[in-house]
Amino acid sequence: MSETVLGLNGKPRCKWCAAAPEFLDYHDKEWGFPVADDIRLFEKLCLEGFQSGLSWRTILAKRENFRAAFSQFDFNKVAKFTERDIDRLLQDEGIVRHRGKIEAVINNAKCLQELIKREGSFATFIWRYEPKNDQLAEPQTVSTSSVSVALSKELKKQGWKFVGPTTVYAFMQAMGLINDHHQDCVTRAKVEQARKKFKRP
């Protein structure tokens with residue numbers, strides 16, 4: 001069975017692109033490209049937490065709603081959210097209304113503030129967990145790794161919530177710490193080029 005599908009331009013892409021129309025653009029322009037922006041990193045880790053038990057399609061379709069609901073994931077603003085904000089978010093039909101996950105985002109924003117005081121930036125901390133080549137599995141064959149387990153454990157130790165090893169691994173795939181595009185995927189080479197040019201924080 002082929003692990004790729006042909007896009008509109010006739011070039012192969014990771015098979016999961018075919019699961020939903022909105023996946024193609026996300027796959028070609030975002031997934032796997034390295035990120036060093038703290039707000040984008042925080043947003044993605046939060047959204048991966050919301051995805052737990054759901055499909056990424058559900059979260060991606062609601063992403064703009066999530067951004068509006070959580071002050072564009074500006075963690076300094078989210079850290080100030082109160083019980084009134086939680087009540088507001090639980091009434092917001094545009095997002096996933098799960099109290100535990102909503103409270104986790106607010107909790108994690110506060111944890112991130114403390115982390116930045118110690119590390120200087122979220123990116124500096126996260127990119128320390130970029131796997132070495134000999135730690136990588138074949139693309140899209142695993143959903144956790146020793147590195148995602150280690151990062152998950154450290155975040156939990158610092159008080160973060162909804163950051164299990166699978167959630168963290170999906171975050172690492174999406175934010176470019178791993179190039180997990182299939183070997184035959186046309187975007188793999190673009191991501192690899194971006195990773196070579198990327199300045200690690």
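In the predicted model, the axes of helix 9 (residues 146-157) and helix 10 (residues 165-174) approach each other within 8 Å and cross at roughly 115 degrees. Helix 9 and helix 10 are therefore roughly perpendicular to each other, and their crossing is right-handed. On the side of helix 9, the contact involves Val 147, Ser 148, Val 149, Leu 151, Ser 152, Leu 155 and Lys 156. These residues meet Pro 165, Val 168, Tyr 169 and Met 172 of helix 10. By residue class, the contact of helix 9 with helix 10 comprises eight nonpolar, two polar and one charged.

The loop between helix 9 and helix 10 contains Phe 162. Although Phe 162 is not a glycine, its phi is positive, at about 55 degrees. Phe 162 is partly exposed, its relative accessible area being 34%.

Helix 10 also packs against helix 2 (residues 38-51), with the two axes coming within 9 Å and crossing at roughly 140 degrees. This angle makes helix 2 oblique to helix 10. The crossing of helix 2 and helix 10 is right-handed. Helix 2 contributes Leu 41, Lys 44, Leu 45, Glu 48 and Gly 49 to the contact, and helix 10 contributes Thr 167, Ala 170, Phe 171 and Ala 174. The residues of the contact of helix 2 with helix 10 are divided into five nonpolar, two polar and two charged.

When neighbours within four places in sequence are left aside, Lys 44 is in contact with Tyr 26, Trp 56, Phe 171, Ala 174 and Met 175. Leu 45 is likewise located in helix 2, and with a relative accessibility of 3% Leu 45 counts as buried. Apart from neighbours within four places in sequence, the contacts of Leu 45 are with Phe 122, Leu 155, Trp 160, Val 163 and Phe 171. Leu 45 and Asn 108, which are 63 residues apart in sequence, lie 9.6 Å apart in space, C-alpha to C-alpha.

Pro 34 occupies the loop between helix 1 (23-29) and helix 2. With a relative accessible area of 16%, Pro 34 is buried. In sequence Pro 34 and Ala 174 are separated by 140 residues, yet the distance between their C-alpha atoms is 8.2 Å. Not counting residues up to four places away in sequence, Pro 34 touches Trp 127, Met 175, Gly 176, Ala 194, Arg 195 and Phe 198.

Aromatic side chains were considered next. A pair of aromatic rings is described by the distance of the centres and the angle of the planes. The structure holds 13 aromatic pairs. In one of them, Phe 42 and Phe 75 adopt an edge-to-face arrangement, with 6.0 Å from centre to centre and 75 degrees between the planes. Phe 42 belongs to helix 2 and Phe 75 to helix 5 (residues 75-78), and the pair links distant parts of the chain, 33 residues apart. Phe 42 and Phe 75 are both buried.

The ring centres of Phe 50 and Phe 70 are 5.9 Å apart and the planes stand at 55 degrees, so this pair is tilted. Because Phe 50 is in helix 2 and Phe 70 in the loop between helix 4 (63-69) and helix 5, the pair ties together parts that are 20 residues apart in sequence. Both of these residues, Phe 50 and Phe 70, are buried. Phe 42, Phe 50, Phe 66, Phe 70, Phe 73, Phe 75 and Phe 81 are linked into a cluster by ring pairs.

The loop between helix 4 and helix 5 also includes Ser 71. Ser 71 is not a glycine, but has a positive phi of about 50 degrees. Its relative accessible area of 25% makes Ser 71 partly exposed.

Conventions: Residues are numbered from 1 along each chain as its sequence is written. This is a predicted model: local features need pLDDT of at least 70, side-chain atom pairs count only at pLDDT 80 or more; totals for chains, interfaces and linings use all residues. Side-chain values use heavy atoms; hydrogens and water are left out. Axes are lines fitted to C-alpha atoms, for helices over the stretch in contact, and angles run from 0 to 180 degrees between N-to-C directions. Helices (H or I, at least four residues) and strands (E, at least two) are DSSP runs, numbered from the N terminus. Angles under 35 degrees count as roughly parallel, over 145 as roughly antiparallel, 65 to 115 as roughly perpendicular and the rest as oblique. A crossing is left-handed if the near helix is turned anticlockwise from the far one by less than a right angle, and right-handed if clockwise. Contact means heavy atoms within 4.5 Å. Ala, Val, Leu, Ile, Met, Phe, Trp, Tyr, Cys and Pro count as nonpolar, Asp, Glu, Lys and Arg as charged, and the others, Gly among them, as polar. Rings of Phe, Tyr and Trp (its six-membered ring) pair if their centres lie within 6.5 Å; planes under 30 degrees apart count as stacked, over 60 as edge-to-face and the rest as tilted. Buried means under 20% relative accessible area, exposed over 50%, partly exposed in between (1.4 Å probe, protein chains only).
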